Amino acid sequence: MKISSAISNAFSLKRHVGSFRIARSSLIKSAHILERIGLAAVGASCGLYVGATLLREKGGLFESGWIVLLTMLYGAISCYIGIDLSGNVARKPTSSISEEWTGSESAEIMSAAGTFGAAIAATLSVSILVLDQNLPNGLIGFVAGCWVVGSSLQVAAGTMARSHEASTNEQ
């Protein structure tokens, strides 16, 4: 049996497992859900590092262990909602003229900017923790600000993209 025919059989419209048939669309939906859960786990781990960095700040507002839980939850929510924009909205050209905007571009830009801001905050937090640095409160505040703004942009982008998709589907 050739490899190409084996691959095409593996990705056929329906998979047969004994007498149980699994539709391809349900496999793709399941894979998409696993992907979104993975993105949420990444967001939570980034939130863990930012929260741990904030927890190290002495004499500040963030001396409670709840800050770690809150940053983890907000990171998980923001990455779940904002990073994986729907395929119907994101990267779907509706016009060949570059000056025409469909409304979904702003969601993509906000998602990209939010992902960048949250990733920078997580990277700075990891370096602060690993290198055991004592930094001024202003720099730690900058890290926290990058985290909050980046995560909020992701939530806003995901919300905008899904509402744009819903209005497009109604038409």
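R56 is partly exposed, with a relative accessible area of 28%; here buried means under 20% relative accessible area, exposed over 50%, and partly exposed in between, computed with a 1.4 Å probe on protein chains only. The model is predicted, so local features need pLDDT of at least 70 and side-chain atom pairs count only at pLDDT 80 or more, while totals for chains, interfaces and linings use all residues. Residues are numbered from 1 along each chain as its sequence is written, and side-chain values use heavy atoms, with hydrogens and water left out.

R56 forms a salt bridge with D132, and the closest N and O atoms are 3.2 Å apart. The pair joins distant parts of the chain, 76 residues apart: R56 belongs to helix α2 (residues 24–56), and D132 to the loop between α4 (105–130) and α5 (137–170). D132 is exposed, at a relative accessible area of 55%. A search of the whole structure finds one salt bridge, the term standing for a side-chain nitrogen of Lys or Arg within 4 Å of a carboxyl oxygen of Asp or Glu. In general, side chains of opposite charge can pair when their charged atoms come close.

T53 also lies in helix α2. T53 is buried, with a relative accessible area of 1%. Apart from neighbours within four places in sequence, T53 is in contact (heavy atoms within 4.5 Å) with S125, I128, L129 and I140.

The next topic is the packing of α2 against α3. The axes of α2 and helix α3 (residues 66–82) come within 6 Å and cross at roughly 150 degrees. These axes are lines fitted to C-alpha atoms over the stretch in contact, with angles from 0 to 180 degrees between N-to-C directions. The crossing therefore makes α2 roughly antiparallel to α3, a label for angles over 145 degrees. Residues of α2 in the contact include R36, I37, G43, G47 and L55, and those of α3 include I67, T71, G75 and Y80. By class, the contact has 15 nonpolar, five polar and one charged residues; Ala, Val, Leu, Ile, Met, Phe, Trp, Tyr, Cys and Pro count as nonpolar, Asp, Glu, Lys and Arg as charged, and the others, Gly among them, as polar.

For the chain as a whole, there are five helices and two strands, taken as DSSP runs numbered from the N terminus (helices H or I, at least four residues; strands E, at least two). From the N terminus on, the order is α-β-β-α-α-α-α. Buried residues make up 27% of the 171 residues. Of the contacts with a separation of 6 or more, 71% are between residues 24 or more positions apart.

Technical notes:
Parallel < 35°, antiparallel > 145°, perpendicular 65-115°, else oblique.
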